[in-house]
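User: Please take a close look at one part of this model, and give me the cut-offs behind each term as you go.

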Amino acid sequence: MTDALLDKTKAAILQKADPRLQQPIQAVVSAGHKIMFSPQTRKMALQEMGNAQDPESIGAAVAKLLAVLYHQSGKRLPMQVAIPAAMVLMCDVLQFLEDAGSVQVNKDFLAQVTSATGSAVLQMFGATPEQLQAFTDRGQAAQSSAPAAPQPPAASQPQGIIQGAQ
Amino acid sequence: MGIIIGALGGLGDAAQKVGQDMLQAGIRQDQMQQESDIATQREQTLAQFKSQLAVSTADQQREQMVARVSTAQQPILDQGIVSRATAARAANLPAYDPSDTTGPASFHGNASDALAAINSLPDGPDKDAALAQLKSQVAANKSNVGTLTMDDLTDQEKSQFAPTDADRQNAWTQAATQTGDIDPKDAAMLGIRGASVDARLALVDARLQIGQMASDARNAKTQADYDWRMAQLADRIAKTGSGNTDFDKKIQLLKDGGASPTDIANFIMERKQPSLEDLANGFLKSDPQAGTSKAMTVDQAYAKAKALRDVSRSVNAAPAPMPGTATPPAAGASAARPPLGSFFQ
């Protein structure tokens, strides 16, 4: 049974995204599903989800999934697509964990996981602590609403895993 | 012409639209198939994840249970050590102090030794008085020892009165009952099962002992039968004639009588040895001084022959078994059996 809160969040994320990016976002999400559920790669996903009990570890798991997708895309995945896709995937991971009885999703928990996922993903893209704080504040204020895709960091700012790889 | 070309152009447009629709339908079908596959795989992954979680939860619960019971077990084990050490201290009566002339005559040293000494006394008022005196001293001493804790004990006491495996098992059951991890009824059943196992082991042990006794009895009977048969055989051989007369017949009698190959071989070796008379005659014949005053007398030759035969027998005697060498009962019986020659002397 799907969680209404998660469904609503996913719809809000996709609604806020640029209509031209809807299809690429869906493609990234589908690719994420394949990594999570296909027999060849599910072992890794199961391991990650087995450790994912709290918001921080769930956010870290989603960020790792996004990193795999980023490398699969030949490092051509734009942040405007990556961030909403990461948030949709986060909702899917939460739905999966809830279906398994591992977590109980409510408004507060979702806000915490959203904040943790945003931080982890932005760290990969090399966001500054100030940007992360702004993102966290926005996430807490919006609660269940989907976060907007942040602006790419300036070239002089510290590089994350993904930017460092570029 | 223009109409035809126009119509053809319209046909081309229509065909292009049909092609596009087919392509999009194909794409949609592929997409639906893909989504269906992912949904199936998701269900499989979910089932796997649930079982993984169940195992992990069960492991965690077990670990928590072990930690919980271990924590509850420790005070019980400590209490046992303290209790044994306290009893030992109470039983160790103070050494004799010659300067103390105020109190009545009292026991000193180990109370158990004193009790054993008292118990060896004949029944009567003296024994009763001594027993009362000892009990009173032990009680007083226990009071002097007071309430001990683990911190009061020496390392030697902690080591000396450390819990045994049985103590640990009992303490574990007690602790698990305290923490609620084992139902008291189950704990009682554990004790009954333990006693039942002990009883079964004792029964098996008793059966083994009975079996061993029966085996020993069978061996003894077999040995007695053999000895009796050999004694009968010795009679028949003696009737055949003395010395080595009808030697082959005697061997055949042994074979028919069921003598072991070893005994038959011993018989042959004993009988084929020259008699003392033959040996003595041989010495006399080979003596270069024979017929002179320095010649060997018959007695000397006989003594020499006897000594030679004794030496020969001691050399041929079977070596003593190595100490600690395990011998099967049957072989042991054979080794302990008297030589066949003993029946024929």
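Which side chains of chain B and chain A meet in a salt bridge?

Analyst: In this predicted model, where residues are numbered from 1 along each chain as written and chains are lettered from A in the order in which they are written, the side chains of B:Arg42 and A:Asp99 meet in a salt bridge, with 3.0 Å from N to O. Local features need pLDDT of at least 70, side-chain atom pairs count only at pLDDT 80 or more, totals for chains, interfaces and linings use all residues, and side-chain values use heavy atoms, without hydrogens and water.

A salt bridge here is a side-chain nitrogen of Lys or Arg within 4 Å of a carboxyl oxygen of Asp or Glu, and the count between chain B and chain A is one. By class, the side of chain B that touches chain A holds four nonpolar, six polar and two charged residues, where Asp, Glu, Lys and Arg count as charged, Ala, Val, Leu, Ile, Met, Phe, Trp, Tyr, Cys and Pro as nonpolar, and the others, Gly among them, as polar.

As for the surroundings of that pair, 12 residues of chain B are in contact with 19 residues of chain A, contact meaning heavy atoms within 4.5 Å. The area buried between the two chains is about 1,400 Å², of which carbon and sulfur atoms give 65%; buried area is the accessible area (1.4 Å probe) that two parts lose on being put together, summed over both.
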